[in-house]
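Please look over the sequence and the model shown here before reading the notes.

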Amino acid sequence: MANVEISAVRKSYGALEVVHGVDIDIKDGEFVILVGPSGCGKSTLLRMIAGLEEISDGAVSIGGRVVNNLTPKERNIAMVFQNYALYPQMTVAQNMGFSLEISGKSKAEISSKVNSTAEILGLTPLLERKPSQLSGGQRQRVAMGRAIVRDPAVFLFDEPLSNLDANLRVQMRAEIKALHQRLGTTIVYVTHDQIEAMTMADRIVVLRGGVVEQMGTPMDLYDSPANMFVAGFLGSPSMNFLKGRLAADGSPGLTLEDGSEVKLQHSPQGTSNQAIVLGIRPQDIAVDPVNGTPAVIKVMEPTGADTHVLVELAGQDLVAVLPPRLKTTVGETIPLSFASPNVHFFDAASEANIPCDPKSEHDQ
Amino acid sequence: MTIVDAQTAPFSSLPKRRDPVLIGLWISLVIVAIIWLAPIVFITFTAMKSNPEVLNSAAFAPPEKIVWENFTKAWVKGNFNETFVNSTVITFIKVPLGLLISAMAAYALAQIQMGWNKFLLIFVLFGAMIPFQVMLAPLFTLVNSLSLIDTYPGVILPYLAFGVPYQVFILHGFFKAIPKELTEAALIDGASHVTIFRRIFLPVSLPVLAALLILDFVATWNEFAMALVLLQDKHMWTLPLGLMSFQGQFSDNYGQLNAAIVMTVLPATIVYLIFQRYFVSGLTSGAVKG
């Protein structure tokens with residue numbers, strides 16, 4: 001096991017810089033997930049840790065040793081790829097034992113390590129099969145087995161669940177998390193799926209355009225997003241953003257672009273009449289026939305446990321997660337309340353979070 | 001028949017409509033096959049006929065009595081003892097060696113980034129663009145200056161030089177299509193490039209290697225022009241040269257001449273039949289993977 005230190009790491013392809021000085025300190029045994037949209041540099045960063053991509057500037061250390069100039073095999077890491085990358089002509093057992101065979105381990109040792117790992121992952125009955133005879137989930141488990149057998153200091157996962165169907169993804173998520181709890185090895189995991197990040201990580205690093213937007217525990221990021229990007233990226237359905245101006249009299253409320261008023265429980269620190277963006281998660285919107293602001297229903301999506309309702313308010317689309325079996329239909333108006341204690345405020349220009357004004361607590 | 005019966009009638013009882021395009025394709029395939037097979041049938045039948053029977057029977061009529069003597073006589077007269085050995089030595093060294101060199105070069109060009117891979121590939125391909133007939137005279141001078149005329153290396157080395165570029169081209173395309181994660185996974189597993197090439201790329205590429213082996217075997221076995229220039233000594237001749245000489249001397253004995261042709265072509269046919277299963281899958285796998 002080892003810690004991983006990424007210090008001011010940059011990556012350029014010619015004149016094009018794609019990773020702009022990233023600093024991340026990953027503790028020994030920590031499960032860190034790098035998350036962000038396509039092209040944010042998360043996979044490049046992981047490949048630089050693995051030694052598959054040259055580091056243009058800065059340093060990567062594993063277990064206190066700078067590894068910039070070491071080959072992948074000298075870094076004592078193991079990697080699981082999105083497309084499994086299993087050797088097609090080898091059996092499951094041969095795939096898993098390949099690294100041990102190359103390092104000159106005895107046949108008995110290889111077989112014992114392969115067997116014990118296969119047992120952990122439930123692969124024992126499949127050991128003699130070729131990768132083409134396995135399902136997607138089984139292949140991914142073999143790829144993980146190949147990584148575990150080596151007993152590396154750090155596991156690197158590059159979008160390992162992206163090729164699996166939704167049900168299998170949920171199952172594998174739990175398996176990877178259980179595996180981390182069992183092995184306690186440091187894991188750096190890359191995904192674009194925020195649910196994977198939220199459910200599995202000890203700490204999440206949100207990247208955009210080669211820059212770290214925010215890092216912290218999943219709930220830290222969920223509850224206190226640093227900016228609109230992080231707020232919108234984490235959580236499902238995504239956070240709603242309502243543009244408006246603070247009430248002129250300083251009371252907790254927002255005047256929307258069409259002049260309608262939205263009552264709030266808090267107001268942000270700032271001057272009155274300032275242009276801001278209100279961020280509210282769909283789950284924090286409620287139906288309130290008394291104080292609610294009327295919104296027009298555009299689409300209703302019952303999921304069984306609740307109903308996702310797409311509404312239009314002051315020319316802006318919002319999603320609200322409301323109770324199931326709503327007695328309304330598309331085209332009708334519905335009074336919605338935004339007076340949740342969990343709302344967020346962002347500066348309209350910089351998109352940065354504006355803290356709530358503690359004095360503005362308003363009891364409705 | 002009731003309505004119910006009609007609805008539950010199995011599909012197989014419905015009249016089948018054949019696609020006219022498909023029928024047309026089949027007919028043209030059969031015609032092409034006949035055109036290709038006709039000379040083979042003619043040669044094989046003639047090889048088994050006595051000279052009077054050749055002159056008196058129809059060209060495509062099967063032999064009344066098989067004359068095996070044609071083969072034994074042609075073998076002795078045509079000095080096949082020597083030419084067969086020469087062809088075997090040259091082909092069995094050149095073909096595997098050429099494939100190995102091509103595969104290693106293609107791997108390096110496809111998988112190891114050296115910065116000038118594209119230029120190197122174009123440089124290698126340039127060799128495939130020059131017709132070897134143009135090169136015959138300079139080639140003779142070169143081989144002669146190295147004192148390699150009438151030696152095995154004197155003909156194997158030029159064969160390699162002219163065979164490698166197109167094999168590199170085909171294998172490079174195939175290796176490029178192998179996901180790079182496979183190489184990366186092996187690098188992380190601690191494998192060197194030699195190990196990756198030997199343990200992962202070669203087994204994965206078996207179909208395309210088999211296809212190239214067949215093509216190269218047939219081409220080398222039947223090669224004539226370069227051998228004619230580079231092998232002056234009769235004792236160093238390959239089968240096609242021996243066959244030409246035989247034809248010059250015994251062209252009136254059709255039975256024996258065709259027996260000699262059959263014996264010359266047979267090894268290449270056998271190799272083709274052994275590897276044709278891989279050959280077909282090699283061609284398609286290359287096509288699908290781009």
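The model is predicted, so local features need pLDDT of at least 70 and side-chain atom pairs count only at pLDDT 80 or more, while totals for chains, interfaces and linings use all residues. Residues are numbered from 1 along each chain as its sequence is written, and chains are lettered from A and ligands numbered from 1 in the order in which they are written.

**Chain A**

- Chain A contains eight helices and 21 strands, where helices (H or I, at least four residues) and strands (E, at least two) are DSSP runs numbered from the N terminus.
- The C-alpha trace of chain A spans about 80 × 45 × 35 Å along its principal axes.
- Of the 364 residues of chain A, 41% count as buried; a residue is buried if 20 or more other C-beta atoms lie within 10 Å of its own, exposed if 12 or fewer, and partly exposed in between, with C-beta atoms placed from the backbone.
- Among contacts in chain A with a separation of 6 or more, 65% are between residues 24 or more positions apart, a contact being two residues whose C-beta atoms, placed from the backbone, lie within 7 Å.
- Helix H1 (residues 42–50) of chain A is largely enclosed by the rest of the structure, because eight of its nine residues are buried.
- The buried residues of H1(A) include A:Leu45, A:Leu46, A:Met48 and A:Ile49, and H1(A) is followed by A:Gly51, whose phi is positive, near 90 degrees.

**Helix packing in chain B**

- Axes are lines fitted to C-alpha atoms, for helices over the stretch in contact, and angles run from 0 to 180 degrees between N-to-C directions.
- Helix H6 (residues 117–129) of chain B packs against helix H8 (residues 152–177) of chain B at an angle of about 130 degrees, with their axes 7 Å apart.
- That angle makes H6(B) oblique to H8(B), given that angles under 35 degrees count as roughly parallel, over 145 as roughly antiparallel, 65 to 115 as roughly perpendicular and the rest as oblique.
- In this pair, B:Leu121, B:Val124, B:Leu125, B:Gly127 and B:Ala128 of H6(B) meet B:Ala161, B:Pro165, B:Tyr166, B:Val168, B:Phe169 and B:His172 of H8(B).
- The residues of the contact of H6(B) with H8(B) comprise nine nonpolar, two polar and no charged, where Ala, Val, Leu, Ile, Met, Phe, Trp, Tyr, Cys and Pro count as nonpolar, Asp, Glu, Lys and Arg as charged, and the others, Gly among them, as polar.
- The axes of helix H5 (residues 80–111) and helix H13 (residues 239–249) of chain B come within 8 Å and cross at roughly 150 degrees, and H5(B) and H13(B) are therefore roughly antiparallel to each other.
- B:Phe80, B:Thr83, B:Phe84 and B:Ser87 of H5(B) meet B:Leu239, B:Leu241 and B:Gly242 of H13(B), a contact with four nonpolar, three polar and no charged residues.

**Domains of chain B**

- An automatic or database domain assignment provides the domain bounds, dividing chain B into domain 1 (17–67) and domain 2 (79–289).
- The C-alpha centres of domain 1 and domain 2 of chain B lie 31 Å apart, and their contact takes nine residues from domain 1 and seven residues from domain 2.

**Contact between the chains**

- The contact takes 14 residues from chain B and 17 residues from chain A.
- On the side of chain B that touches chain A, the largest share, six residues, comes from H9(B).
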